[in-house]
Amino acid sequence: MRVVTIIGNRPQFVKAAAVSRRLREAHEELIVHTGQHYDDELSRVFFDELGIPAPDRELGIGSGSNTDQTARQLAALEPVLAEIEPGLALVYGDTNSTLAGAIAAAQAGIAVGHVEAGMRSFDRAMPEELNRVLTDHAADLLLCSTLTAMENLEREGAVGEKYLVGDVMADVSLAFREIAEQRSQVLDELGLSPGEYLVVTAHRAGNVDDPARLRQLVELLEALPAPVVFPVHPRTRARLDDAGLTGRLAGVELTAPLGYLDFLKLARHARALLTDSGGVQKEAYLLGVPCVTLRDRTEWVETVDAGWNVLVDLDREAALAALARPLPDGERPELYGGGHAAERVRDAISAYTDSP
Ligand code: UD1
Ligand code: UDP
């Protein structure tokens with residue numbers, strides 16, 4: 001069957017890297033890049049490092065408000081889907097590209113598969129939560145990372161076929177761990193010793209768009225008790241500059257967004273990660289690195305239950321207390337499918353398309 005993969009953001013490139021390879025063993029795949037992320041360091045580097053096939057169509061939509069960006073993506077997708085005539089459209093996660101892909105396909109009568117279906121933060125103020133809920137209820141095939149996600153969809157009465165496949169980001173993290181170890185020189189380049197530094201990422205609109213919250217974030221970072229590396233997302237860079245706060249972070253190593261291999265190696269050897277990213281919370285768990293989440297809730301609740309992730313919002317004292325905790329004892333339970341999620345996505349698509 002012909003499957004169109006619709007992607008446009010950094011975390012979606014990582015997810016598609018896992019699925020594309022497996023999907024092409026059984027189906028024809030065409031990739032449409034919406035252009036939501038367009039800087040090389042947020043887009044091209046992932047195609048190059050992770051071996052994702054070059055996009056078949058690039059929509060070049062670029063940035064905008066959530067509504068404007070989603071609307072322009074929708075309008076651009078309609079003729080492309082009509083031309084490609086796929087049997088299924090595959091979308092990932094919770095960004096504006098996810099929602100636009102799902103709606104454009106559903107309106108065209110094309111079956112929609114959603115990878116990472118059913119994740120919920122129960123915070124409707126997040127644009128991502130709206131995108132997730134709407135996408136799940138437009139989708140025909142709901143491919144879930146966790147049992148919690150399956151239960152969320154059950155409770156909401158989502159009508160698509162549900163499959164527990166595991167998490168495709170985990171596949172990539174596990175597959176590239178040793179490659180990153182060998183290829184990346186990031187620790188030497190930044191003069192860091194394993195286990196002695198902290199890594200920060202922050203880009204959530206709820207943390208960086210409001211100047212008061214941004215100031216709180218900066219105050220938290222200033223108080224951290226070890227060398228800090230902070231690869232800065234362009235949204236955050238712009239907000240820090242606008243608020244005149246960049247200079248306050250003189251004690252922090254601010255870098256451009258890193259490629260996947262450098263980030264993976266940096267994360268693996270960190271003493272802890274502080275983040276508001278969904279993907280980075282999972283990756284910290286898989287790497288056995290403690291995570292301090294700069295939000296008051298998470299979709300990845302299992303990492304908290306297992307003791308490896310602490311939600312501190314932007315509370316400086318809570319963050320310092322979380323960093324001072326001893327490491328959790330014992331083995332980390334297998335939460336995310338053990339590196340086989342993409343195979344299960346492929347098989348679920350095959351089963352779906354073979355069914356009468
Ligand atoms: C988007 C997703 C978010 C995801 C994140 C991954 C939505 C609503 N948000 O947030 O869920 O976690 O991607 O990183 O879809 N910019 C650049 N260069 C680029 C892209 C963006 O400079 O290549 C700047 C622009 O000023 C833009 C801002 O970053 O306005 C925000 O970009 P946007 O794609 O709207 O949202 P993200 O914050 O990246
Ligand atoms: N990542 C990266 N370089 C960075 C920061 C993050 O390669 O400088 C990777 C990270 O390993 C993960 C993905 O980007 O695989 C997460 O994307 P992001 O935090 O932008 O989005 P979210 O997961 O929050 O939607």
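Tutor: Let us start with a term: a residue is near a molecule if one of its heavy atoms lies within 4 Å of it. Please keep in mind that this is a predicted model.

Student: Which residues are the closest around ligand 2, and how many surround ligand 2 in total?

Tutor: Ligand 2 is surrounded by 17 residues, and the closest of these are R204, L258, S277, G279 and E283. By type, the shell around ligand 2 consists of 9 nonpolar, 5 polar and 3 charged residues.

Student: What makes the pairing of R204 with ligand 2 a polar contact?

Tutor: A polar contact needs a pair of N or O atoms within 3.5 Å, and a polar side-chain atom of R204 lies 2.6 Å from an oxygen atom of ligand 2, so the pair meets the cut-off. On its own, ligand 2 has 540 Å² of accessible area, and the protein covers 96% of that. Two or more residues of the shell come from each of α1 (10-26), α12 (260-268) and α13 (278-287).

Student: Why is C144 called buried?

Tutor: Buried means under 20% relative accessible area, and C144 has 0% relative accessibility, so C144 counts as buried. The reasoning carries over to C291, which counts as buried because its relative accessibility is 3%.

Student: How many disulfides does the structure hold?

Tutor: The structure holds 0 disulfides.

Methods
Residues numbered from 1 in each chain as written. Chains lettered and ligands numbered in written order. Predicted model: local features only at pLDDT ≥ 70, side-chain atom pairs only at ≥ 80, totals over all residues. Heavy atoms only, no water. Disulfide = S-S within 2.5 Å. Buried < 20%, exposed > 50% of the residue type's maximum accessible area, 1.4 Å probe, protein only. Polar contact = N/O pair within 3.5 Å; in protein donor to acceptor, adjacent residues only side chain to side chain. Areas by Shrake-Rupley, 256 points an atom, 1.4 Å probe, with all protein chains shown as cover. Helix = DSSP H or I, 4+ residues; strand = E, 2+ residues; numbered from the N terminus. Nonpolar A, V, L, I, M, F, W, Y, C, P; charged D, E, K, R; others polar.
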